[in-house]
Amino acid sequence: MQDGASDPLAEFRRVNVGGTLNLARQAATAGVRRFIFISSIKVNGEATINGVKFTEQDFPCPQDAYGISKYEAELGLLELGKETGLEIVIIRPPLIYGPGVKANFASMLRLARAQIPLPFGAVRNKRSFVYLGNLISLILCCIEHPDAANEIFLVSDGTDLSISEVLRACAIAFEKRSFLFSVPPFLLMGIAGILGKRPLAQRLLGSLQVDISKSKRILGWAPPISIEDGLKETVKREFES
């Protein structure tokens, strides 16, 4: 998210589109039967509203260079699949967390561990996350399941949390108390705008929910690890090792 390329879209296309299609062509030539592509929920868009979750049937609406490149890779793979007979499976995860997590999620873990008072007590947004173990579980299911071929699936932990709930859950994972006080979200967004941090505020305060009912219905899959246990495992392996 903090790339320094002069042309981010060209660089993302070089890796996410060109690199992916090159690998897929080699796989098809080598006789590989199925190619699983980890895309991104950014193909759907950046936010959901009024509790309406993203689904696989939504019209794609990528809004940044990364999301655009992932969508173009999806289109290229589906076309390559038609040409070669290679079975394509596309998985679009939201934010992935687990041991080694970086960026904003790692910052939230550090804040929860430090028990710093934070102004998110009044935030009631909802966001989907996926623990690395749950994503791997779906990938393993898609490797062999006959009905996964040429399908797109969304994935999450199955429980959506607000930023305040995430911080409380992180604190519980550390066996600490959370200290949240309430500032109206519109005021937080205004302050972030003044400080030039509106994109960060949108990720913290906005909603992004995914519907995993297709994965459950077609594959008989459900996330085996709860978000609470995923956070505990993340904390245990990342901060206590």
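The model is a predicted one, with local features taken at pLDDT of at least 70, side-chain atom pairs counted only at pLDDT 80 or more, and totals for chains, interfaces and linings using all residues. Residues are numbered from 1 along each chain as its sequence is written, and side-chain values use heavy atoms, with hydrogens and water left out.

Start with helix α7, which spans residues 198–205. Helices here are DSSP runs of H or I with at least four residues, strands are runs of E with at least two, and both are numbered from the N terminus. The buried residues of α7 are Ala201, Leu204 and Leu205. They sit on the same side of the helix, because they cover an arc of only 80° around the axis (the arc being that of the directions from the helix axis to the C-beta atoms). As for burial, buried means under 20% relative accessible area, exposed means over 50%, and partly exposed is in between, with a 1.4 Å probe and protein chains only. The cover over the buried residues of α7 includes α5 (163–173) and α6 (185–194).

Next comes Arg127, found in the loop between α3 (103–114) and β4 (129–131). Arg127 is buried but makes no salt bridge, and the nearest side chain of opposite charge, Glu46, is 6.4 Å away. For charge, Lys and Arg count as positive and Asp and Glu as negative, while His and the chain ends are not counted. What the Arg127 side chain does reach is the backbone oxygen of Arg203, at 3.2 Å. That falls under the polar contact rule: a pair of N or O atoms within 3.5 Å, where within protein one must be able to donate a hydrogen and the other to accept it, and residues adjacent in sequence count only if both atoms are side-chain atoms. Setting aside neighbours within four places in sequence, Arg127 has contacts (heavy atoms within 4.5 Å) with residues including Thr159, Asp160, Leu161, Gln202 and Arg203.

On to the rings. Rings of Phe, Tyr and Trp (its six-membered ring) pair if their centres lie within 6.5 Å; planes under 30 degrees apart are stacked, over 60 edge-to-face, and the rest tilted. By this rule the count is four aromatic pairs. One of them joins Phe12 and Tyr66 edge-to-face, at 5.5 Å centre to centre and with 75° between the planes. Phe12 belongs to helix α1 (residues 8–29) and Tyr66 to helix α2 (residues 65–84), so this pair ties together parts 54 residues apart in sequence. Phe12 is partly exposed at 22% relative accessible area, and Tyr66 is partly exposed at 27%. Tyr97 and Tyr131 make a tilted pair, 5.5 Å centre to centre with 45° between the planes. Here Tyr97 is in strand β3 (residues 95–97) and Tyr131 in strand β4, so the pair links parts 34 residues apart in sequence. Tyr97 is buried at 1% relative accessibility, and Tyr131 is buried at 7%. Ring pairs also gather Tyr97, Phe105, Phe129 and Tyr131 into a cluster.

Salt bridges number eleven, each being a side-chain nitrogen of Lys or Arg within 4 Å of a carboxyl oxygen of Asp or Glu. Among them, Arg14 pairs with Glu11, the closest N and O atoms being 2.7 Å apart. These two are three residues apart in helix α1, which means about one helical turn separates them. Arg14 is exposed at 54% relative accessibility, whereas Glu11 is partly exposed at 34%. Glu46 meets Lys42 in another salt bridge (2.8 Å, N to O); Lys42 is buried at 18%, and Glu46 is partly exposed at 27%. Lys126 bridges to Glu165, with the closest N and O atoms 3.0 Å apart. Lys126 is in the loop between α3 and β4 and Glu165 in helix α5, so the bridge ties together parts 39 residues apart in sequence. Shared partners join Arg33, Arg34, Glu87 and Glu144 into one salt-bridge network.

Finally, the backbone. Most residues other than glycine have a negative phi. Gln115, though, has a positive phi near 55°; Gln115 is in the loop between α3 and β4 and is partly exposed at 32%. Glu175 also has a positive phi, near 60°. Glu175 is placed in the loop between α5 and α6 and is exposed at 75%.
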